[in-house]
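Hello,

Here is the structure I promised to pass on to you. Have a look at it first, and then read my notes below.

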Amino acid sequence: MSVQTKHTSRAGMFARATGVVTAGVLGLASMVLPAQAADTIKVGVLHSLSGTMAISETTLKDTVLMLIDEQNKKGGVLGKKLEAVVVDPASNWPLFAEKARELIQKDKVAVTFGCWTSVSRKSVLPVFEELNGLLFYPVQYEGEESSKNVFYTGAAPNQQAIPAVDYLMKDLGVKRWVLAGTDYVYPRTTNKILEAYLKAKGVADADIMINYTPFGHSDWQSIVADIKKFGSTGKKTAVVSTINGDANVPFYKELGNQGVSAENIPVVAFSVGEEELSGIDTRPLVGHLAAWNYFMSVDSKANEKFIKDWHAYIKNPKRVTNDPMEAHYIGFNMWVKAVEKAGSTDTDKVEQAMIGLTFPNLTGGMAVMNKNHHLSKPVLIGEIQDNGQFAVVWETKGLVEGDAWSDFLPGSKDIIADWTAPIKCGNYNTKTKKCSGQNF
Amino acid sequence: MGFTTTGQRRFALNHPFPHFRPTLIVCTLLALLSGHNALADDAPPVAPMPYADAIAALKDRSFDLKAQAVDALVQSGNPLALAALKALVDGDLYYAQDDGRVVIAKDAAGGVLTTDAGSGAALGEAVKRDLKKIIINNTMRNQLRAAIARLSLASDNPDARLSAVLEILKDLTPEAVALLRTAREDEQSRRVREALDTALAIADVNADNKRARLAAIDELSASLYPEARNVLVPLAAKGADGEFVEPDAEIREAAAGAIRIIDGKREFYSTVETAFFGLSLGSVLLLAAIGLAITFGVMGVINMAHGELIMLGAYTTYVVQLLMPHHIEWSLLVAVPAAFLVAGLVGIAIERGVIRFLYGRPLETLLATFGISLILQQTVRTIFSPLNRSVETPQWMSGSLEINSVLSLTYNRLYIVLFSLMVFFALLAILKKTRLGLHVRAVSQNRAMARAMGIRTGWVDALTFGLGSGIAGVAGVALSQLTNVGPNLGQSYIIDSFMVVVFGGVGNLWGTLVGALSLGVVNKFLEPWAGAVLAKILVLVFIILFIQKKPRGLFPQKGRAVEH
């Protein structure tokens, strides 16, 4: 549905869709709304502001608000101001779906920026597809998905996990692997991909240890002791951690207390960024690694400006920036470009306009939106420093193209996503030349 | 060198010119590192870099160039090199933004005290903003630690010598072995000697002389260092072709025997370790549950806000640390009474404001206190933000007590085990020995009779609830050292707390103690083979079955109180 320009057109459309009675009621309602509302483009923000995920997602809400604010100072989009509609799904997965429906149907948002955990994304996916909404998802995730209605601005496994493992294998000579994760879909799928990848590289079963823990696990004594034992065989050992959320803090504390140092057993994490480290004393953790597409410490003009703007907006010079914030930054700016290119906020037009767009990364280079709705971005590996920041120790030579369907899982090897004509499919099988028919 | 240590005396006795020895080692090192390099890189030998140039080269962005600069520093034989290398690995080496001078910076009151790394001259105070840190990576850290270890073999401090030996143990080159052999001759400290013996035995295991090899294997069978076992395993193992790698059967048997001895000891220590983990988990459960044992166990109030009182205690610790940023070491001692007061007063307010109107109506109490818990969480979220707060760990609670190389007990857990027992016995004493305790017991046993005897039961209720809440606050102080301090802290402990109290027997403090510790130990013994998730489920299933059989818990309350 196009942007609301006049009250009459809106009422008319509704009359056709839902009948005269509803139209009357809505017409009445729209008259009460301020006249300005018709001249704005609404942007939905679907991030948890309470509950367990609030720790990570609140920052992203503020990031989107900041970006909207900046865009409005530049005159908005298509001559209209942007208006944020913030809802709180409260870390409650079914509520995410309800709130998404509310945003698209009631508030008529043109686009939504939101979700963090994969389970929340899976929960809103049917809603966005049913109502033909547009979602920008900013967090690194497990892949195996590509929806027409979602743009994935975080890293796919081949943009984070695989390069990190390559780095450990080649540069640090790691021979034994601990895959430790929180017990839910992202770590399980990522570890499945990594296990297949490691075995393809000739790592024996006995040299891989897999461990899952519940959300918010706080008693890491036995697991860290096990890792220590596993790593004492003389072969270089590393931990690949998909431990999510605040369970990381006690995990790293226990590592420090039991004397597991980065030189002996390095831990590379995919869910630990600057924000998570701001809750701990990082002195015992110096040298442990993380793989992301962005680090706050990267020295570039664009990043410097972004950090300055963020501090000014949030009115706190101590707040950190992180990878999902950059993902929203790229996603938001690409959406603005796409809307201007399409001349409309219509989902289908914007979706097609998005593909092939480029926008400068904060770390240098240009991010590209690919046909599979994933970005091409550089991959960086950083070591934790004693000030809670990361120092980049390795980066990919160029951009890495996000791969929606992993090449290392038997089920998804032959599947690609391509949203351009003539394929227009999120899971196209290159062998059978068929689209499975589902939307993702 | 003002104080005398064994190490120093040793120098004085054996070496008339003690300063010669470090130089000697530096020279050996020089030879050995240059050889090592040529082997590793297969590169043409790098022209020796003067000390000052090597220091300046550390500023380079490339880690390879930095690593070369480190080698050059070691080879320079300059006495300042050790300080510079140590500063580099500790993250204290910076360079000035303006003139590019490389300095060692140590934190001082106003800013940082800097020393020129090139000349060793003190440069006075500087502001950290003007300095840029020299960043190193893990590969360099390993390189630096090895270099420093070799330089510190001659240290006066036995601990430094021990860690130096253990560091060298990781990569035993023939040169390093020669270095260790000289060091072994004069070593006085027993611990260092043992480590040295292990290291030399590891080197001898693959020697030519059979007798020396057998002696080495015998020596290693007494060692728990993982390196010792790792060097024995190939001796007893079969290669890819199914043949034994080691041709000599006698050596093979000796090695297999030594591995059995080591594994037996490791097994024993790992059981001890698991038991300790269990006790420590149990003590956390005990701390969380013991306040509830008062409010729920003694008073019969189903207090769903118990977890939030724990959270308040944790936040009190955070605030106390904010108020005394320069005395983190003492902050926990201040936080314990502060948290007791804060949580206790909030508890009394809850009791006087809400719960006292709901006595005898457990369902309403449950709902009301659940509401209170949400209010408390949101209040904290509004005041402190939804983000977790960082509570610092004092130095004396960090690290671990190393009993041997396979068994080490972390200090924070050790202290918390002791602390939880102290809290438990203090509470027991209050209930058994004080007037308040007498009143509490009287009111819980027979309210009407107690009132008839002139006890102000309303006050006793408020104070009892305050006591239970205060103890929850104290638990929060301990938990702030183990887990995240955030608005949701309490939620993760409320279920466990009820579980422990119900399992141990409602109204019985000893039951809570035994219940908490046994649940902790059972959980930890299940974890290795069931995994953390399944272990927790198994414990829950066990409790459900147990409650079916004994609905009153481990130690049921006896007597007339049961009737109510």
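This is a predicted model: local features need pLDDT of at least 70, side-chain atom pairs count only at pLDDT 80 or more; totals for chains, interfaces and linings use all residues.

Where the two chains touch, chain A contributes 39 residues to the contact and chain B contributes 42 residues. On the side of chain A that touches chain B, at least two residues each come from α3 (54-73), β7 (208-213), α8 (221-230), α9 (248-257) and β15 (390-395).

Next, a sheet in chain A. Three strands make up an open sheet there, in the order β17-β18-β19, with antiparallel pairing. Its edge strands are β17 (415-418) and β19 (434-435) of chain A, each of which pairs on one side only. Strand β18 (residues 425-429) of chain A is joined to β19(A) by 2 bridges. If you want to find the pairing on screen, look for A:Asn429, whose bridge partner in β19(A) is A:Lys434.

Now over to chain B, which is divided into domain 1 (51-139), domain 2 (153-247) and domain 3 (283-494). The centres of domain 1 and domain 2 of chain B, taken over C-alpha atoms, are 34 Å apart.

One residue in chain B to look up is B:Ala222, in the loop between α10 (210-221) and α11 (226-236) of chain B. Is B:Ala222 buried, exposed or partly exposed? B:Ala222 counts as partly exposed because 15 other C-beta atoms lie within 10 Å, while a buried residue would need 20 or more and an exposed one 12 or fewer. B:Ala222 and B:Glu194 are 28 residues apart in sequence, and their C-alpha atoms are 9.8 Å apart in space.

Enjoy exploring!

Note on methods
Residues are numbered from 1 along each chain as its sequence is written. Chains are lettered from A and ligands numbered from 1 in the order in which they are written. Domain bounds come from an automatic or database domain assignment. Helices (H or I, at least four residues) and strands (E, at least two) are DSSP runs, numbered from the N terminus. Two strands pair if DSSP finds at least two bridges between them. Two residues are in contact if their C-beta atoms, placed from the backbone, lie within 7 Å.
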